[in-house]
Amino acid sequence: MKQYMLKKRLFAIVFLGVLFTMSGLNFLHSFPLVLKDLEKTEEFQISKLDASITENLMGRMAYIETYGYIQILLGKQECYNFTYIKDQQGFLHYTSFFREEDSRLFEYAMRTKRLQNYVEKNGTKVLFVVPPGKYNANYTKLRTGLPINNPDSTVDELLFYLNR
């Protein structure tokens, strides 16, 4: 048990040492650049300071490229924290882990009908446009377990109510 705790302490010391060393080197590298950026502005703003520090980070592009390379090595198929996923053909699809059935579709259709009745007095027409979905169960190949957001059944039900 003592050896296990010794390893944890040693790793913590090495990690903090590397962290503080990189922070110090980055401060020495980017401090003059940040001061130069701040002299260009009339008033001090935290957002401009943050943007300047982020842009002048030592080795910034190397970090970004390394992160991307690690994601490729891991076989990552999702983008922006599972907002989009990539199928095997390379197309992006919307995702949804927590999809709830919308029971108010008839109400939405009734609202659209009320809008149509209201604007019809002035000779205006209501156009309801449904964007085409990209997901095709026969063609789209996804890795197992990736959540796809396929709203086709919901849209079909809404169109059914609108036709009525």
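Author: Of the 164 residues in the protein chain, 11% count as buried. Bear in mind that this is a predicted model, where local features need pLDDT of at least 70, side-chain atom pairs need 80 or more, and totals for chains, interfaces and linings use all residues. Numbering runs from 1 along each chain as its sequence is written, and side-chain values use heavy atoms, leaving out hydrogens and water.

Reader: What makes Thr 140 count as buried?

Author: Buried means under 20% relative accessible area, exposed means over 50%, and partly exposed is in between, with a 1.4 Å probe and protein chains only. Thr 140 has 6% relative accessibility, so it counts as buried.

Reader: Where does Thr 140 lie, and what is it in contact with?

Author: Thr 140 lies in the loop between helix 4 (105-120) and helix 5 (152-163). Leaving aside neighbours within four places in sequence, its contacts (heavy atoms within 4.5 Å) are Asp 87, Gln 89, His 93, Lys 134 and Tyr 135.

Reader: How do you know that the span of helix 1 agrees with its number of residues?

Author: Helices are DSSP runs of H or I with at least four residues, strands are runs of E with at least two, and both are numbered from the N terminus. The expected span is 1.5 Å times one less than the number of residues. Helix 1 (residues 2-40) has 39 residues and should therefore span 57 Å; its end C-alpha atoms are 55 Å apart, which agrees.

Reader: What is the bend in helix 1, and where is it?

Author: A bend is the angle between axes fitted to the seven residues ending at a residue and the seven starting there. At Ser 30 that angle is about 40 degrees, and Pro 32 follows within four residues. Ser 30 is also buried, along with Asn 26 and Val 34. Helix 2 (46-55) is part of what covers the buried residues of helix 1.

Reader: What makes strand 1 and strand 3 the edge strands?

Author: The open sheet has three strands in the order 1-2-3, with antiparallel pairing. Strand 1 (78-79) and strand 3 (92-94) each pair on one side only.

Methods. Pairing = 2+ DSSP bridges.
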